[in-house]
Amino acid sequence: MERVGQHLAIASSWQRDKVVFDGLDFSRLRSLTVYGAWKAFFISSRMRVLRVLDLEDATEVDNKVLEQIGDVLHRLKFLSIRGCNKIDKLPDSFGRLKRLQTLDIRHTRVVTLPQSIMKLPKLQYIRAGTVHSKDVEPSTHSRSILGTFKSRLGLSRTSVGTGVGVEVPGGIGKMKELHTLGVINVSCDDSTMKDIKSLSQLRRLGVFGINKRNIEELSSAISAHGHLESLSVWGDHMPQGVSSLCNSLEKLSLGMITLLTQLDIEILEGLNRLQTLCLRVEKVEYGVLNFFVRLMGISSNVPFRELKVFKIACESELKVEFGERAMAKLELLKVDYSYGSSLKFVGVENMVSLKQVLLKDSCEGKQATGLKEQFSKHPNKPIFEVIKEK
């Protein structure tokens with residue numbers, strides 16, 4: 001266990017000695033970080049001025065721990081329970097955390113935010129979304145939502161990965177201080193889109209469950225946020241409203257599972273400030289993605305001129321072509337393909353700033369070898385690394 005001034009970090013190697021812990025002075029403690037196993041005595045009524053509680057990936061953190069937090073630590077501004085996979089709901093006592101500004105519940109089993117969340121007037125950042133690994137069996141509710149969504153869209157088990165958003169209570173649009181919201185599940189409640197539209201301070205948004213029924217509402221909501229900097233969309237269509245974010249959007253992640261067209265790419269080319277682009281698709285029109293620079297020479301209209309990170313995942317055969325000076329500032333290319341698919345890159349030398357290529361390989365090493373050979377001819381000799389699927 002390590003203590004520095006007003007901050008306390010409990011290491012995973014510490015023996016969890018209650019006598020030693022109770023002997024500490026918590027009167028000025030502002031932040032507490034716990035690594036490894038959680039113990040009930042880690043929460044104390046003496047922590048009157050605690051502002052930050054970071055329990056990311058801590059073990060043995062369950063719903064009862066959250067009830068303790070809501071009952072005792074009323075001055076919290078930051079709370080992270082990210083990766084605490086025994087938690088499947090937030091207690092009503094959370095409504096007492098009136099000063100909370102940041103709530104991170106990613107990679108837990110929580111799939112619904114309680115109505116009590118509406119009692120937190122200062123909440124600015126809600127980071128949510130469940131990801132299930134092979135070592136963590138998803139809850140019944142999580143499996144139901146994910147399975148229903150995939151079934152409705154005719155998805156295979158691996159089509160959209162293993163992510164699922166959380167449902168939010170009605171009226172969340174009244175939380176005017178929200179800066180970050182996502183990933184939220186919008187597949188079941190049409191009113192959520194109207195609430196999103198009302199969040200005037202929103203800068204980062206992640207939505208799950210976009211389909212033909214709600215795609216237009218999403219586009220309308222996006223268009224109302226001209227200052228949106230980050231957008232993640234999981235669904236079967238690309239919202240046309242992204243074109244209205246041409247001068248603000250810096251990061252875009254599209255987890256689409258139907259057809260990506262060249263027209264879609266042309267819309268993306270108009271996003272002048274885009275620095276990170278993530279595309280996950282099932283099929284691409286004609287099996288080819290073209291990234292061509294139409295205007296020769298230096299021009300403010302060169303597409304993807306600020307892009308530094310490009311992630312592409314596809315479940316079918318795909319050829320990606322880069323024209324002269326296409327993605328000229330690109331430094332990192334991340335590639336993911338499913339079993340039975342194939343990817344080929346043409347014009348890789350035109351990505352003149354490329355430094356690293358990461359390949360998530362779920363197949364045999366043959367395709368990885370082929371891609372490595374393609375990038376071996378790049379003048380920068382970028383680092384090529386294969387990341388085996390866990």
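Tutor: Start with K86 and E60, whose side chains form a salt bridge at 2.9 Å, N to O. K86 is partly exposed, at 46% relative accessibility. E60 is partly exposed too, at 44%. Keep in mind that the model is predicted.

Why can such pairs form? Side chains of opposite charge can pair when their charged atoms come close.

Now go to K18 and D22. Their side chains meet in a salt bridge of 2.7 Å, N to O. Both belong to helix α1 (residues 18–22). They are 4 residues apart there, so about one helical turn separates them. K18 has 45% relative accessibility and counts as partly exposed. D22, at 33%, is also partly exposed.

Next come R106 and D104. Here the N to O distance of the salt bridge is 2.7 Å. R106 is partly exposed, with a relative accessible area of 24%. D104 is buried, because its 6% falls under the 20% cut-off.

These pairs are among the 8 salt bridges in the structure. Disulfides are another matter: the count is 0. As for cysteines, C246 is partly exposed at 24% relative accessibility, while C278 is buried at 12%.

Conventions
Residues numbered from 1 in each chain as written. Predicted model: local features only at pLDDT ≥ 70, side-chain atom pairs only at ≥ 80, totals over all residues. Heavy atoms only, no water. Disulfide = S-S within 2.5 Å. Buried < 20%, exposed > 50% of the residue type's maximum accessible area, 1.4 Å probe, protein only. Salt bridge = Lys/Arg side-chain N within 4 Å of Asp/Glu carboxyl O. Helix = DSSP H or I, 4+ residues; strand = E, 2+ residues; numbered from the N terminus.
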